[in-house]
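Here are my notes on the model you sent. Please read them with the structure open.

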Amino acid sequence: MPASEVQSTWRSPDRSYDLSIKRDRSYGSTPQAASAGQLAWYRDTAESSMADLEVTTHKTRQNGRDALWLEIDYHWARQSEPRKRLEVFVAGRAGYVYQLLVDTEASAQRLAEQSRLFATARESLRIDVNAR
């Protein structure tokens, strides 16, 4: 991966939640293109291990910019337990798109916490900021 691209994932100690941030140009330079490309990959069960995706897309704002917020209901291949993934895609400079996601099992308790984690992560997301 080029140094200008970033991908990092955090898993909660009890393995209930995954939080991931990615900055790249893999699927295009707009939130629409990046989310469409990512969804196409998710829908390829052989590649992603995700099955029976149901996606709701919302227009939103992130860091003062137009963004897309996705709610993805699915389950892992060869498993029946429902899961939920919340993602936001926002364009940065130089053709990069930032993708932030929080993934968990779709139980009432987990979903309530997922919403809080996603909101906190979105509030904390800084795009096009150089580390010093």
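**Notes on the fold**

1. Start at the β4-β5 hairpin. Six residues lie between the two strands, and R78 takes a positive phi near 65 degrees there. The strands run antiparallel and are joined by eight bridges. A67 stands opposite V90 in β5. Strands are DSSP runs of E, at least two residues, and helices are runs of H or I, at least four residues, both numbered from the N terminus. Two strands count as paired if DSSP finds at least two bridges between them.

2. A word on the basis. This is a predicted model, in which local features need pLDDT of at least 70 and side-chain atom pairs count only at pLDDT 80 or more, while totals for chains, interfaces and linings use all residues. Residues are numbered from 1 along each chain as its sequence is written, and side-chain values use heavy atoms, with hydrogens and water left out.

3. Overall layout. The protein has three helices and six strands. From the N terminus the order is β-β-α-α-β-β-β-β-α. The radius of gyration is 14 Å, close to the 14 Å that the globule rule gives for 132 residues, so the protein is as compact as a globular protein of that length. That radius is taken over C-alpha atoms, and the rule is 2.2 Å times the number of residues to the power 0.38. Along its principal axes the C-alpha trace spans about 40 × 30 × 30 Å.

4. Of the 132 residues, 42% count as buried. Buried means under 20% relative accessible area, exposed over 50%, and partly exposed in between, with a 1.4 Å probe and protein chains only. Of the contacts with a separation of 6 or more, 45% come from residues 24 or more positions apart. A contact is a pair of heavy atoms within 4.5 Å.

5. The β1 side. Six bridges join β1 to β2, and these strands run antiparallel. R11 stands opposite D18 in β2. The two strands form a hairpin with five residues between them, and R15 in the turn has a positive phi of about 65 degrees. β2 in turn pairs with β6 over eight bridges, again in the antiparallel sense. L19 stands opposite V102 in β6.

6. Strand β5. Is this strand mostly covered or mostly open? It is mostly covered: nine of its nine residues are buried. R83, R85, E87, F89 and A91 point one way, and K84, L86, V88 and V90 the other. β5 and β6 pair over nine bridges. Their hairpin has five residues between the strands, with A94 at a positive phi near 60 degrees.

7. R93. This residue is found in the loop between β5 and β6. R93 is exposed, with a relative accessible area of 51%. Leaving aside neighbours within four places in sequence, R93 is in contact with R65 and D128. The C-alpha atoms of R93 and D128 are 6.5 Å apart, although 35 residues separate them along the chain.

8. Helix α1. Its buried residues are P31, A34, S35, G37, Q38, L39 and Y42. They pack against β2 (17-24), α2 (45-48), β3 (50-62), β4 (65-76), β5 (83-91) and β6 (97-105).

9. Two non-glycine residues with positive phi. S49, in the loop between α2 and β3, has a phi of about 70 degrees. N63, in the loop between β3 and β4, has one of about 55 degrees. S49 is partly exposed at 33%, and N63 is partly exposed at 34%.
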